[in-house]
Amino acid sequence: MLSIARIKDSRVENAWRDAEEYIHQTGGKAISRSFMLCKSAHAPTWHAHSAGRHNDLVAAAALIVLGATGINVVSPMALHDIGKVSDFVRYWQEGESCSDFQQYNGHEERSAQIAIAHGLNEESQFVIRYHAMAYRCLRNPEQIFEKCGGDKDLLIKLILAFACDAYGKGWTKAQKKQRPQIAFLIYNLCNQHGLPPVVRETAVLLTLDGQR
Ligand SMILES: [Fe+2]
């Protein structure tokens, strides 16, 4: 994984090394290739890329965010979907297609637990656990700030996490509809809470960008 390799965080490297070892032990080379490369094997309604490539693109987006804003969500974003590995392996072994996003239910919590086990802090755990909240709160965006306990610094990191995640999804038909809605939610949240313009602009641009 190119972006992971550029991160130089031994906690992230160790977590992915453990995940890859688990994949090799249970599924071998074919599943490893599929986790990284196969488009159809990862929730194609919402994702244009494989699970591994998505995670890597999100880590790359976090590096862009760090350069643009000085705010660091690189390590949590590099681990944000590592909890999908066990789902992927299980469905592969059971001969299912691994293509329904609901098969990955609960992956946010599993990713957060893996991050904690590898030494990431509480704040990173929070960002990972709630990285998908934007999609779930399109109609109730006020719940996002409430979840942050009124902490604006935490809100900024969560918003940047939403943007990085969106960036790594590519442009499926469903994303063409949803990503402008996420960008609008981010724009409104930033204005409502008086967040720095650089956060708003970086997050909105990333949400509307990304590889096709
Ligand atoms: Fe993701």
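The axes themselves are lines fitted to C-alpha atoms, for helices over the stretch in contact, with angles running from 0 to 180 degrees between N-to-C directions. What we are looking at is a predicted model, in which local features need pLDDT of at least 70, side-chain atom pairs count only at pLDDT 80 or more, and totals for chains, interfaces and linings use all residues. Residues are numbered from 1 along each chain as its sequence is written.

Let's start with a helix pair. Helices here are DSSP runs (H or I, at least four residues), numbered from the N terminus. H11 (residues 152-167) packs with H12 (residues 173-192) at an angle of about 165°, and their axes are 11 Å apart; H11 and H12 are therefore roughly antiparallel to each other. On the H11 side, Ile 159, Phe 162, Ala 163 and Ala 166 meet Arg 179, Ile 182, Ile 186, Leu 189 and Cys 190 of H12, where contact requires C-beta atoms, placed from the backbone, within 7 Å. Eight of these residues are nonpolar, none polar and one charged (Ala, Val, Leu, Ile, Met, Phe, Trp, Tyr, Cys and Pro count as nonpolar, Asp, Glu, Lys and Arg as charged, the others, Gly among them, as polar).

Next comes the loop between H11 and H12, where Gly 168 is found. Gly 168 has 27 C-beta neighbours inside 10 Å and so counts as buried (20 or more is buried, 12 or fewer exposed, in between partly exposed, with C-beta atoms placed from the backbone). Beyond its neighbours within four places in sequence, Gly 168 is in contact with His 54, Leu 57, Val 58, Ala 61 and Gly 210.

Now for the core. A nonpolar core is a set of buried Ala, Val, Leu, Ile, Met, Phe, Trp, Tyr and Cys residues joined through C-beta atoms within 7 Å. The largest one has 59 residues, and those touching the most other members include Ile 159, Ala 163, Cys 164 and Ile 186. H11 gives this core its largest share, 11 residues. Not counting residues up to four places away in sequence, Cys 164 touches Val 58, Ala 61, Ala 62, Val 65, Val 73, Met 77 and Leu 206.

Definitions and conventions
Helix = DSSP H or I, 4+ residues; strand = E, 2+ residues; numbered from the N terminus. Parallel < 35°, antiparallel > 145°, perpendicular 65-115°, else oblique. Contact = placed C-beta atoms within 7 Å.
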